[in-house]
Amino acid sequence: MRRVGTLLGAILAVACNVPVAANLDEDDANRIVLALDRSNIDATKETDPTAEGKVRVVVARDDVARALATMRDEELPRPRPQGVLDSMDKGALVPSQTAEHAQYVAGLSGDLERTLESVDGVLGARVHLNLAQEDALRDGPPPKTTASVLVEHRGSTPPLTHDAVQKLVAGGVSGLAAQDVSVVMIARPAPAARGEAQLAHVGPIAVARGSVRVLQATLGGLAALVALLALASLLLWVRLGRARAEASEKK
């Protein structure tokens, strides 16, 4: 009976929850859960049944619209830039030297973008590298390596200084000096604090939003209790029937 009660409670809880993002890596799911928590939206992670090794984020049915609006404001989930290994895995069977160089530059830029976007408060990053291809036949010094970086961040205060971005990008590119990295910061307004809604619905029942999980657990327990009482009544009825049959045989 314990298993039956647990199953009924799980079915009840799942029926009231709706996925708002799926096919996510653990880091992307954590980022979404934290963003929703800042907006007073209760969100949980669970294994995505449609994608092996991935997770999804679910919220209460009444929170779907607010969750989607928050994710839109926070630009979540973010697209993943391709890294060096991703870029070098594509192309012609025998790529030219120029194609290999272009793939390497694109992959290196993607790795730097990933690093910048991993900083809390950074909504997006773009890194453009001017990395000259090595040419043994070229006379004179090699062309100067430069970079341009665009960082979108939440709020008026950037989470990284210009100097920090320059040092981070220059440290990841051979032959690139920090002073040759141009940085542009774009501030995006912080999402307005969303007040917690007064009521939420679990089936036909309206309760305070903060009590949704408690109500779900309570209803699950009541469903298990009803099932237990029904089984006990059935067993009692069977025993009474047997007792009456035995009494009739003795007569």
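**Close-up views of salt bridges, cores and surface**

**View 1. Glu 152 is buried, with a relative accessible area of 17%.** Here buried stands for under 20% relative accessible area, exposed for over 50%, and partly exposed for what lies in between, with a 1.4 Å probe and only protein chains counted. This is a predicted model, in which local features need pLDDT of at least 70 and side-chain atom pairs count only at pLDDT 80 or more, while totals for chains, interfaces and linings use all residues. Residues are numbered from 1 along each chain as its sequence is written, and side-chain values use heavy atoms, with hydrogens and water left out. Glu 152 forms a salt bridge with Arg 188, and their closest N and O atoms are 2.7 Å apart; a salt bridge is a side-chain nitrogen of Lys or Arg within 4 Å of a carboxyl oxygen of Asp or Glu. The pair links distant parts of the chain, since Arg 188 is in strand 6 and Glu 152 in strand 5, 36 residues apart. Arg 188 itself counts as partly exposed, at 34% relative accessibility. Strands (E, at least two residues) and helices (H or I, at least four) are DSSP runs, numbered from the N terminus.

**View 2. Asp 25 and Lys 54 form a salt bridge, with their closest N and O atoms 2.5 Å apart.** Asp 25 lies in the loop between strand 1 (17–24) and helix 2 (26–38), and Lys 54 in the loop between strand 2 (43–47) and strand 3 (55–60), so the pair ties together parts that are 29 residues apart in sequence. Asp 25 is partly exposed at 25% relative accessibility, and Lys 54 is also partly exposed, with a relative accessible area of 25%.

**View 3. Lys 144 meets Asp 180 in a salt bridge of 3.0 Å, N to O.** Lys 144 sits in the loop between strand 4 and strand 5, and Asp 180 in the loop between helix 6 and strand 6, 36 residues apart, and the pair thus links distant parts of the chain. Lys 144 is exposed, with a relative accessible area of 55%, whereas Asp 180 counts as buried at 16%. Thr 145, found in the loop between strand 4 and strand 5, is buried as well, at 11% relative accessibility. Leaving aside its neighbours within four places in sequence, Thr 145 is in contact (heavy atoms within 4.5 Å) with residues including Asn 130, Leu 176 and Asp 180.

**View 4. The largest nonpolar core has 21 residues, of which Leu 129, Val 149, Val 165, Val 169 and Val 181 touch the most other members.** Helix 5 (97–117), strand 4 (122–130), strand 5 (146–154), helix 6 (162–171) and strand 6 (181–188) each supply at least two residues of this core. A nonpolar core is a set of buried Ala, Val, Leu, Ile, Met, Phe, Trp, Tyr and Cys residues joined through side-chain atoms within 4.5 Å. Beyond its neighbours within four places in sequence, Val 169 is in contact with Leu 112, Val 127, Ala 147, Val 149, Leu 176 and Val 181. Another core lies apart from it, with 17 residues, among them Ala 29, Ile 41, Val 57 and Ala 67.

**View 5. Helix 5 includes buried residues, among them Val 105, Leu 108, Leu 112 and Leu 116.** At 1.5 Å a residue, the 21 residues of helix 5 should span 30 Å, and its end C-alpha atoms are 30 Å apart, which agrees; the expected span is 1.5 Å times one less than the number of residues.
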